[in-house]
Amino acid sequence: MELWLLFAIGSATFAGLTTVLTKIGLKDVDSHLATAIRTMVVVVFSWIIVFLAGSQYGIGYMDGVTWVVLVLSGLATGGAWLCRYRALKLGNVNKVTPITKTSTILTMILAFTFLREPLTLITIIGMILMGVGTWLMLELKKPKDTTEKSKMGWAFFAALAAIFASLVAIFGSVGVAEMDANLWTALRTVIVALLSWLMVFSTGGQKEIKKVNIKSWVFLVLSGLATGASWLFFYHALQRGNASLVVPIDQLSILITMGFARLFLGERFSKQSLIGLALLTIGILLPIVGN
């Protein structure tokens, strides 16, 4: 088994844990504040790895283009996180996650357009299956009234999270090509932290810090650690493999997420949802098998 594949699998495993841990931690906490808290955990985690590996000296070799891509990646990541955790605050994991995973489809299109990575017939079929699977999992029904429409706000934020996440993958693939993945992760996390706390202070969320209970702190910290581990695996995978293959494998985290959502959050899945999950999984696997 190739090394990039092992890193991608590791990324998917920790990413799956992250979503459920965050959902539990979000229960009594504002989504922006929760994002900022867990981001600080990732900052500490990632910089410890940088100094242990001696990667900090690579900063002096970064040129202007690398810094621009890094900042864009950090802003896209911040946007993805803020939107995703706002969606999780408003909706169920088994509804939010399928939408966020559509970032795989957009990433493949962007990788083909801008990175000249191959887009084969098998890949296209996989993208179609992912789209159909996502639609089935959502079990969309026409809202009966205005109140029900207002409850669909999670879908809007989940869609934005998917768009931002696809940009993260593309910027990451470009940025880590000639750069240490550990250092890239750590620097990008600092940008995400600044953006997150800017959102917190702009909404007055810092006043709620004292109200965060012990349970929320524990799960948000665990979520941050899982995220840090997922990022490190993800960027090491991008450094060694194609974005169009690494990203689909990373998206298999949906299987782990759904499993834990059932076990620990009590969320149930209909037959239609399970069929959608199966199609989504096959769609994710097809490009990998085809290559």
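Visitor: At what angle do helix 5 and helix 6 pack, and how far apart are their axes?

Guide: In this predicted model, helix 5 and helix 6 (residues 121–138) pack at an angle of about 155°, and their axes lie 9 Å apart.

Visitor: What makes helix 5 roughly antiparallel to helix 6?

Guide: Angles over 145 degrees count as roughly antiparallel, and the angle here is about 155°, so helix 5 is roughly antiparallel to helix 6. Helix 5 also passes helix 6 in a left-handed crossing.

Visitor: Which residues in helix 5 and helix 6 meet?

Guide: From helix 5 come Thr104, Ile105, Met108 and Ile109, which meet Thr123, Met127, Met130 and Gly131 in helix 6.

Visitor: Why does Thr107 count as buried?

Guide: Buried means under 20% relative accessible area, and because Thr107 has 1% relative accessibility, Thr107 counts as buried. Thr107 is found in helix 5 (residues 103–114), and, leaving aside its neighbours within four places in sequence, Thr107 is in contact with Ser166, Ala169, Ile170 and Val247.

Visitor: How do you know that a polar atom of the side chain of Thr107 makes a polar contact with the backbone oxygen of Ser103?

Guide: The backbone oxygen of Ser103 lies 2.7 Å from a polar atom of the Thr107 side chain, and the distance cut-off for a polar contact is within 3.5 Å.

Visitor: Which residues of the largest nonpolar core touch the most other members?

Guide: Of its 29 residues, these are Trp47, Leu187, Phe234, Tyr235 and Val246. Helix 9 gives the most to this core, with seven residues, while apart from it lies another core, of 24 residues, among them Ala34, Ala36, Val42 and Ile99.

Technical notes
Residues numbered from 1 in each chain as written. Predicted model: local features only at pLDDT ≥ 70, side-chain atom pairs only at ≥ 80, totals over all residues. Heavy atoms only, no water. Core = buried A, V, L, I, M, F, W, Y, C linked by side-chain atoms within 4.5 Å. Buried < 20%, exposed > 50% of the residue type's maximum accessible area, 1.4 Å probe, protein only. Helix = DSSP H or I, 4+ residues; strand = E, 2+ residues; numbered from the N terminus. Polar contact = N/O pair within 3.5 Å; in protein donor to acceptor, adjacent residues only side chain to side chain. Contact = heavy atoms within 4.5 Å. Axes fitted to C-alpha atoms, helices over the stretch in contact; angles between N-to-C directions. Parallel < 35°, antiparallel > 145°, perpendicular 65-115°, else oblique. Left-handed = near helix turned anticlockwise from the far one by under 90°.
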